There are 2 protein chains.
Amino acid sequence: MAMDIVEELLKGNVLALSRAITAIENEYDNASEIMAKLYPHTGHAFVLGITGPPGAGKSTLTDKLAKAYRAQGKTVGIIAIDPTSPFTGGAILGDRIRMNSLTLDDGVFIRSMGTRGSLGGLSHKTADAVKAMDAFGKDVIFVETVGVGQSEVDIVKAADTTMVVLIPGMGDDIQAIKAGILEIGDVFTINKADHEGADKLVREMNMMLDLNGMMMDWRPPIQKVIANQGEGIKETIENVTNHFKHIEANGVLAERRTKRTRNEILDVLNTSIGKHITKNLVATGDLDKYVEQIKNHETDPYTVVASVMKKMLK
Amino acid sequence: MAMDIVEELLKGNVLALSRAITAIENEYDNASEIMAKLYPHTGHAFVLGITGPPGAGKSTLTDKLAKAYRAQGKTVGIIAIDPTSPFTGGAILGDRIRMNSLTLDDGVFIRSMGTRGSLGGLSHKTADAVKAMDAFGKDVIFVETVGVGQSEVDIVKAADTTMVVLIPGMGDDIQAIKAGILEIGDVFTINKADHEGADKLVREMNMMLDLNGMMMDWRPPIQKVIANQGEGIKETIENVTNHFKHIEANGVLAERRTKRTRNEILDVLNTSIGKHITKNLVATGDLDKYVEQIKNHETDPYTVVASVMKKMLK
């Protein structure tokens, strides 16, 4: 390559940062090498995860929060995870929604990542993109996901503090969503708080937190916000800051980061081995052979896997 | 075990079916053996995937469709994938919502599966639960997921026909959702069609399908439905049946099933190898050692993974 991506990135070259994340996202051959070299320069940024159901106004909220951090003189990175077509790949939301005033600010770097691929690689790609921004020198890094499923939960595991954004009037599924996110939310934001049902939602959330209260040394605050009017943004930033100070003081931050390193090793390992073996099975023609045998009811996937593992593992 | 699960399941013992799925879900040691034995008895059921954003009324719709199939004399299996707390595990929605008239019908078997675990095992567990119901003799198997992310897409890959359920008034994220699901939807259902914006949504969907039209030999029908009033259910069943006949006739069904077998091998393989290696790294204490070294900036996850792969793969 003409440009030494790592060297340039560490010097603050935005194009190099962009290329590094492209290498991560597309699993280019040099991605592991880049990450290995960036790794020693990471660990300084504060990582804020933002998740919630579709329509909760997360991107508007992220923009307002980013501006508030910028007003404090902090540099900001934003990673927006977008639902992607499983076939064509590529992020959809990103370029459409993010055409706003933030993009004119040199202190803000915004990147969309698509949810393509199915080997569970997204959480590790997101974690790597966070690291690239961290090594670049960003003070605060947002990781924003649309959704409330397991993949979103995996993604926000890359965060120091996780904010869950809810809105009034979510319908039947809200109970399940609330239960699912209750334990990942360090800070709750009720956006569109001028809509009907906001106070009811706050009450319900409080009740659920009360029920859970015995186990908590941190009571997640619930803040009503009207993001597009800028209301509640200051209080939200305070909540986030308080949470970070809290986990820094009581050792939970160090614990989370250790756990994250652990998961990272396993994640990278699983993805790498999966790729290695798939490549091998395809190249040798064994995969097609097995598919044919299973179709003819001569064997089954479980028997196949047992024999492949015997063949490939020491 | 006191009961021969496979033998009893094939005889039509519901308790055995339930236990088989529990073994799959919790990754009991006997799960692979059960699946290997059930495998030859599969391939008869029609598998219908139902997905869509939270609040779209998928469970009500599923119930109505299930009743319609029952009225045709067909037996039904329902697998509901529920958002789960990442820490406590276990499905949440299931037992709460599913306490309805369907559960009194012997011809219907309903099972909730939680989205716990992070090694991407859910799609393969769902596929196995489908196979267990198939071997049991269910004619139609529903796989219902909440959400529109990559994990839901992976899950509906287990289906012959995929129905995407949308509702009017989804807010900003609808554009992204639509683009994401456009290519996985064989049949579209606009539920809550008496709400404002239903016709607009149908028009928008049609426009998107028009733009995509060049590549399609099947035009996904869009049906307006009011599930809780039973309106549009008959037409929806017809759409589903037409799609299945279409892919049966033109060879796409056979193609999909071949592809599914292929993905299944890779899925089982990845999960099994991942588990094997994690177990090994934990048991030897290597994982903790690596985490410590990374924390001290002596190495990084990529270098660690390269050396572990060298050690463990033939």
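The following conversation concerns a predicted model.

Trainee: What should I know about the numbering and the cut-offs here?
Mentor: Residues are numbered from 1 along each chain as its sequence is written, and chains are lettered from A in the order in which they are written. As this is a predicted model, local features need pLDDT of at least 70, side-chain atom pairs count only at pLDDT 80 or more, and totals for chains, interfaces and linings use all residues.

Trainee: How many helices and strands has chain A?
Mentor: Chain A has 13 helices and 7 strands; helices (H or I, at least four residues) and strands (E, at least two) are DSSP runs, numbered from the N terminus.

Trainee: Is strand E5 of chain A buried or exposed?
Mentor: Strand E5, residues 161-166, has 6 of its 6 residues buried. Buried means that 20 or more other C-beta atoms, placed from the backbone, lie within 10 Å of the residue's own, while exposed means 12 or fewer. A:Thr161, A:Met163 and A:Val165 cover one side of E5(A), with A:Thr162, A:Val164 and A:Leu166 on the other.

Trainee: Which strand pairs with E5(A) over 4 bridges in the parallel sense?
Mentor: Strand E6 of chain A, residues 187-190, does; pairing requires at least two DSSP bridges. The partner of A:Val164 in E6(A) is A:Phe188. Strand E1 of chain A, residues 46-52, is also joined to E5(A) by 4 bridges and runs parallel, with A:Thr51 opposite A:Val164.

Trainee: Turning to chain B, which residues of H10(B) are buried?
Mentor: They are B:Thr236, B:Asn239, B:Val240, B:His243 and B:Ile247.

Trainee: Which residues are exposed on the other side of H10(B)?
Mentor: B:Lys234, B:Lys245 and B:Ala249 are exposed there.
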